[in-house]
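User: I am new to reading protein models, and I would like a close look at one part of this one, namely its disulfides. Please take me through them carefully.

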Amino acid sequence: MNTFLLLLSAAACCLPTGEAQFPCGRRVIRNRIVGGTDAMEGDWPWQVSIHLNNKHICGGTLISPEWVLTAAHCMESTGPHSYLLYFGRYQQNGINRHETSSGIISIQKHRRYTTTEEGYDIALLRLTRSIPLSEYIIPICLPSSTYQFTCGPGYYVTGWGHVRESVSLSNPGILQEVSVNLIGHRTCDAMYNDGKSTLWQPNRITDQMLCAGVPQGNKDACQGDSGGPLVFPVNGTWIQVGIVSFGEGCGRPNRPGVYTEVAAFTQWIQERVMNLTFMSPETTSSVDPHGCLSGAEQVRGILLLQAASLLALLLS
């Protein structure tokens with residue numbers, strides 16, 4: 001891809017041995033609405049819907065048949081047995097022909113997590129059963145700790161959250177997608193430290209965070225998108241770059257969405273999930289002080305979009 005300075009190793013994949021029929025990050029269903037916000041069924045087969053009390057509360061990402069990656073702040077309400085996760089879901093209200101579900105055995109949040117603004121907003125969910133893979137249910141690929149992305153366009157956020165502040169997704173609640181830009185740490189921090197934010201403190205964007213959005217707003221994550229994936233395609237393989245974490249409002253100008261950077265937590269994930277292979281670049285390159293490789297805006301793992309606490313679904 002032109003936006004990457006690094007190429008992935010073709011052999012690398014995050015799928016456990018024995019599941020090669022559906023390799024991670026490789027979509028089987030390839031239909032899409034150009035310029036629209038409704039995703040097509042099967043477009044994002046790693047997307048997970050997390051439910052509490054029969055209600056969607058957060059997104060997540062299938063990383064293996066037995067594990068889901070999400071944000072720590074999504075799992076603060078109660079114990080693991082209160083949650084139900086849906087895979088292959090396309091719409092929240094209506095028939096989902098390719099759907100299956102599972103409960104959770106355990107929730108493993110990063111030990112340093114306290115609040116979203118302090119960072120470390122990441123959690124692993126171990127499922128009560130192994131999820132059967134299909135054209136509509138496929139794990140996402142994860143980047144190695146050495147993976148560095150380029151700032152710019154071509155990143156996608158998906159979810160069932162609000163379409164704008166205090167405006168819920170209308171029935172039948174079809175999965176939404178939005179294309180966003182990756183923005184560097186320094187640029188993102190400067191955007192929030194413009195003297196107009198009552199929620200921000202200086203130097204709040206840490207090395208474990210990423211930002212994505214557009215300066216004018218209207219493309220962002222929002223309430224209900226938390227925990228969902230920020231992804232990027234490389235040579236036909238999709239890689240998860242970030243986890244929807246927090247922001248100030250949804251789609252506001254100069255208020256990009258803030259994401260947990262997945263590459264910063266590769267070792268943490270490896271220590272808890274066996275048999276995962278992470279995508280590695282064929283060559284290495286130095287990290288720009290801003291955080292990502294070349295481009296006007298730079299951040300180590302992903303492009304920053306406009307601010308939002310959760311997923312972005314707004315129209316261009």
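**The disulfides, one by one**

Analyst: Cys141 has a relative accessibility of 0%, so this residue counts as buried. Please keep in mind that the model is predicted, with a chain average pLDDT of 77 and 70% of the residues scoring at least 70. Cys141 forms a disulfide with Cys24, the two sulfur atoms lying 2.0 Å apart, and the link is right-handed, with 90 degrees about the S-S bond. This pair links distant parts of the chain, since Cys24 belongs to the segment before strand E1 (47–52) while Cys141 sits in the loop between strand E7 (123–127) and strand E8 (152–159), 117 residues apart. Cys24, at 1% relative accessibility, also counts as buried.

A search of the whole structure finds 3 disulfides. Another one is formed by Cys58 and Cys74, whose sulfur atoms are 2.1 Å apart, and this link is left-handed, with -85 degrees about the S-S bond. Because Cys58 lies in strand E2 (residues 55–64) and Cys74 in the loop between strand E3 (67–70) and strand E4 (83–87), the pair ties together parts that are 16 residues apart in sequence. Both Cys58 and Cys74 are buried.

There is also a disulfide that joins Cys188 to Cys211, with 2.1 Å from S to S, and its link is left-handed, with -70 degrees about the S-S bond. Here Cys188 lies in helix H1 (residues 185–192) and Cys211 in strand E10 (residues 209–213), so the pair ties together parts that are 23 residues apart in sequence. Cys188 is buried, with a relative accessible area of 0%, and Cys211 counts as buried at 1%.

Terms used. Residues are numbered from 1 along each chain as its sequence is written. This is a predicted model: local features need pLDDT of at least 70, side-chain atom pairs count only at pLDDT 80 or more; totals for chains, interfaces and linings use all residues. Side-chain values use heavy atoms; hydrogens and water are left out. pLDDT is the predictor's confidence in each residue, from 0 to 100. A disulfide is a pair of cysteine sulfur atoms within 2.5 Å. Helices (H or I, at least four residues) and strands (E, at least two) are DSSP runs, numbered from the N terminus. Buried means under 20% relative accessible area, exposed over 50%, partly exposed in between (1.4 Å probe, protein chains only).
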